[in-house]
Amino acid sequence: MTNNDDITSMLQSWIGAFCTVDSVTMLTFWPQDYEDIVYQSEENARVLTTYAEIKTYWEEQIPASLEGIAKIEDTDIRIHVHGGDIATVYLSALASAKFPGSEHLYVAPFRASIVLRRFSEGWKFVHYHESRILDLDLVTEALNNGGASELTYGKVASAD
């Protein structure tokens, strides 16, 4: 297998674990003793910088706030390996998320920039950053009409 094949296979497993909120598997993608971890989810204002923080996030915060991802479509994964042991990944997709207490799916674009490092046990995440698409026209309109507190992203769809 080439580096890109190894990384693509790992990312497919990661996407599967993300969709099913499989905390045990999600944690296997992160090195436990790496000093320079960065994990910035879009819903957290503060960056997570240790394996222990990521563990708490995936074992407590995520299961309490996300039932799973019902569907991922329009996936674009771009992998670039730098010198053999470092890789950058750009991932974008349209995700249909199911949240506790809601009968509807939340459909929204998902984007992440990822840095992977090859360790003896294989490729691991060392840097992960999610970002939403910002509709500047919507923001400008809301600001000009006094509705900044009502800004949201995505759309509500029925749970089919």
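Q: Let's start with the rings. How many aromatic pairs does the count come to?
A: The model is a predicted one. In it, the count comes to 14 aromatic pairs.

Q: Give me an example. What kind of pair do phenylalanine 18 and phenylalanine 110 make?
A: Their ring centres are 5.9 Å apart and their planes are at 65°, so the pair is edge-to-face. The cut-off for that label is over 60 degrees.

Q: Where do phenylalanine 18 and phenylalanine 110 lie?
A: Phenylalanine 18 is in helix H1, residues 3-19. Phenylalanine 110 is in strand S4, residues 104-119. The pair therefore ties together parts that are 92 residues apart in sequence.

Q: Is phenylalanine 18 buried or exposed? And what about phenylalanine 110, buried or exposed?
A: Phenylalanine 18 counts as buried, at 13% relative accessibility. Phenylalanine 110 also counts as buried, at 12%. Buried means under 20% here.

Q: Which residues form the aromatic cluster?
A: Trp14, Phe18, Phe29, Trp30, Tyr39, Tyr57, Trp58, Phe110, Phe125 and Tyr128 form one cluster.

Q: Let me step back. What does the secondary structure come to?
A: Four helices and six strands. From the N terminus on, the order is α-α-β-α-β-β-β-β-α-β.

Q: What box do the C-alpha atoms fill?
A: Roughly 55 × 30 × 30 Å, taken along the principal axes.

Q: And how many of the residues count as buried?
A: The protein has 160 residues, and 34% of them count as buried.

Q: Now charges. How many salt bridges does a search of the whole structure find?
A: Seven. One of them joins the side chains of arginine 46 and glutamate 53, at 2.9 Å from N to O.

Q: How accessible are arginine 46 and glutamate 53?
A: Arginine 46 is partly exposed, with a relative accessible area of 49%. Glutamate 53 is partly exposed too, at 22%.

Q: What does glutamate 67 form a salt bridge with?
A: Lysine 98. The closest N and O atoms are 3.9 Å apart. Glutamate 67 sits in the loop between helix H3 (51-65) and strand S2 (68-82), while lysine 98 is in strand S3 (residues 86-98), so the bridge links parts 31 residues apart in sequence.

Q: How accessible are glutamate 67 and lysine 98?
A: Glutamate 67 is partly exposed at 45% relative accessibility. Lysine 98 is partly exposed at 22%.

Q: Which residue does aspartate 85 form a salt bridge with?
A: Arginine 118, with the closest N and O atoms 3.1 Å apart. Aspartate 85 is in the loop between S2 and S3, and arginine 118 is in strand S4, so parts 33 residues apart in sequence are tied together. Aspartate 85 counts as partly exposed, at 42%. Arginine 118 is partly exposed, at 30%.

Q: Last topic, the surface. Which residues form the negative patch?
A: Asp33, Glu35, Asp36 and Glu121.

Q: Pick glutamate 35. Where is it found?
A: Glutamate 35 is in the loop between helix H2 (23-27) and strand S1 (38-40).

Q: Why is glutamate 35 called exposed?
A: Because its relative accessible area is 68%, and exposed means over 50%.

Key:
Residues numbered from 1 in each chain as written. Predicted model: local features only at pLDDT ≥ 70, side-chain atom pairs only at ≥ 80, totals over all residues. Heavy atoms only, no water. Patch = residues over 30% accessible without salt bridge, like charges linked within 9 Å, V, L, I, M, F, W, Y side chains within 5 Å. Areas by Shrake-Rupley, 256 points an atom, 1.4 Å probe, with all protein chains shown as cover. Salt bridge = Lys/Arg side-chain N within 4 Å of Asp/Glu carboxyl O. Lys, Arg positive; Asp, Glu negative; His and termini not counted. Charge placed at Lys NZ, Arg CZ, Asp CG, Glu CD. Helix = DSSP H or I, 4+ residues; strand = E, 2+ residues; numbered from the N terminus. Buried < 20%, exposed > 50% of the residue type's maximum accessible area, 1.4 Å probe, protein only. Phe/Tyr/Trp six-rings, centres within 6.5 Å; stacked < 30°, edge-to-face > 60°.
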